[in-house]
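Visitor: I am new to this structure. Please show me how to read it, one feature at a time.

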Amino acid sequence: MIVITGYGIVSAIGVGKAETLDALRHHRSGIAPVQYLDTVHRDMLVGEVKLSFDELMARVGVPSDAEAPQSRTALIGRLALREALQQAGLTSPDDYATMALLSGTTVGGMDRTEIEASVSADGTIEHYNYDCGTSTLDIAHGFGQFAFVDTISTACSSAANAIAMGIEMVRQGLFERVVAGGSEGLSRLHLNGFNTLMILDSEPCRPFDAHRNGINLGEGAAYLVIESEASALRRGVRPLAVLSGYGNACDAYHQTASSPEGEGAVLAMQQALADAGLQPSDIAYINCHGTGTPNNDVSELCALHRVFGPQLPPFSSTKGFTGHTTSASGSIEAAFCLLALEHHFLPVNLNFRDPITPDSSSTPDIPVLPSAGDQVLPPLRGNEGVICNAFAFGGNDTSLILAPYHPAPSSAQAEPSSPNIPKNPLISLNIPKRKIFLLASTELSPDIDPNFRDYLSPLESRRLDKLLKRTVACSLQTLRQCPEVVPDAIITATVWGSAISAITFFHDMMRQGEAFLKPTLFMQSTHNTMSSLIAIQTHNHGYNVTHSQLDDSLPHAFLDAWLQMQSGRIRSALVGIHDSIPAFDNRSYLLCTADALPPDCHPLAELVFNPSSRIFECHS
């Protein structure tokens, strides 16, 4: 059993669980006009954490004259992480030295870049620091040396995917304890990016309302301490809740829009239910992604009806409280679910008045939780639980299931620590021995482009930046080497993401100001653009995750594939690394378990994971 023993949260409605609970119970929104972000869009409504940069530095304990100022993402993250670790009783560097930290972000240190960067006389940008992995290291360094640090960057499902990977790490014995979640600070880049898509609402957002008109951006962070029940009881810590299941799937429809039928959302929720061993009738509440855009809400409603039918339980979107906290939303809203389970209430759907009419996917009597009145969550029995949805650009859809903790009679006494547990926390005792083979691989020359017309239509080739075109070509070359294998997962590594688009968008913003910016550049700038683009090109609805942890990005992508294969959730995966800084680097690998090898297939090598070095070794 995977349990939660601590969690911390920071958002527009409060710093810490107590302030957050008070705001949720009293229906108090944190959405307001811009106060702290240095932008010309002062009248825009956002969900800012109600602390200035200097106040955040003081709260965290970083000197105001520090040589290396932290990003807002890192400072907010450190506040939330500290609360989570303290509640779990993990307060010393020795504790962290045996734990993994998994964090989701997309913005990373962009707010520092906007302060420090400049455009030189020749038009180049100096001091550009759009690095997700460094932000996570900045969060970690406030506590000590974690045994393992990774950054998941799948846009608005990043934190949820970090939690999902944490579940798998603990299940398979790589770690007894993992802390997972995400952090995202507001920046001018992503405020203006969403503005170019024309989906920001000038009024407080109204998810699932017939008159909804878009999102309010927010910021925040939340982290969950995840561990085995045996570990918690051995430490004398009572679990707060259970993480009973997760699902991740790709809509494979469009880079920013959800499919009308919500295919990725359906698959993610169905996988989470199956993983938890639950039926739709076992779900008491759904915390929806519910951004308030015309497209997203109808798509998610369609998915809910497809999964739950007439048994659709009460649901709400809590983005009316915090705004859309993008990469951190999955963990922030998971924290809301934990508060709901603990205090037996249901978070309302602020600003909801009129249901969406049944001209598309829903019915007039959809059970959206109204904006007023006390909504009670009755005590849940057995394995009953709640679902938390987090859906992202590129159709990267993730669902988590959380449930109350009910100790079994056999768990009344703490289990003794086994003398046979090795000191290296990455050596597993529980993992089944599934052999994994390398079937095909491609490495593009950094100086020579392939013929893109062999892989893309003329329209696609004109629209995509050079890195994205090379990524598609590299990936399809690998898949064409072994057409019998359709990968169950697409897992990508990148340090900078599609830096060509991101830097161009940033350059335009620096030189032209915050007007007349191009939406295509923003759409292509998120780190998971590559993995989702591969999925869209190949109509692949499987597991889809992007890792961005500096030099560890590719090893962590391989580890993710290995975890999924050892769990039995997938039998094949396309793993790749794609970057354009300092030079083009496009490499793809097709992996397959022994039981899924095609007839007469001759693998290039067997991949063997070395727990001590955390790398894969090729055995011919």
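Guide: Start with one residue. Asp 397 lies in strand 15, which covers residues 396–404. Keep in mind that this is a predicted model.

Visitor: Is Asp 397 buried or exposed, and which side chain of opposite charge is nearest?

Guide: Check burial, then look for a partner. Buried means under 20% relative accessible area. Asp 397 is buried, yet it has no salt bridge. The nearest side chain of opposite charge is Arg 306, 9.7 Å away. A salt bridge needs the two charged groups within 4 Å.

Visitor: Which residues is Asp 397 in contact with, leaving aside neighbours within four places in sequence?

Guide: Among them are Gly 247, Asn 248, Ala 249 and Asp 251. Gly 264, Ala 265 and Ala 268 also touch Asp 397. So do Ala 390, Phe 391 and Ala 392.

Visitor: Now step back. How many helices and strands does the protein chain have?

Guide: The protein chain has 19 helices and 22 strands. Its radius of gyration is 23 Å, close to the 25 Å the globule rule gives for 620 residues, so the chain is as compact as a globular protein of that length. The C-alpha trace spans about 65 × 60 × 60 Å along its principal axes.

Visitor: What share of the residues counts as buried?

Guide: Of the 620 residues, 63% count as buried.

Definitions and conventions
Residues are numbered from 1 along each chain as its sequence is written. This is a predicted model: local features need pLDDT of at least 70, side-chain atom pairs count only at pLDDT 80 or more; totals for chains, interfaces and linings use all residues. Side-chain values use heavy atoms; hydrogens and water are left out. Helices (H or I, at least four residues) and strands (E, at least two) are DSSP runs, numbered from the N terminus. Buried means under 20% relative accessible area, exposed over 50%, partly exposed in between (1.4 Å probe, protein chains only). Lys and Arg count as positive and Asp and Glu as negative; His and the chain ends are not counted. Contact means heavy atoms within 4.5 Å. The radius of gyration is taken over C-alpha atoms; the globule rule is 2.2 Å times the number of residues to the power 0.38.
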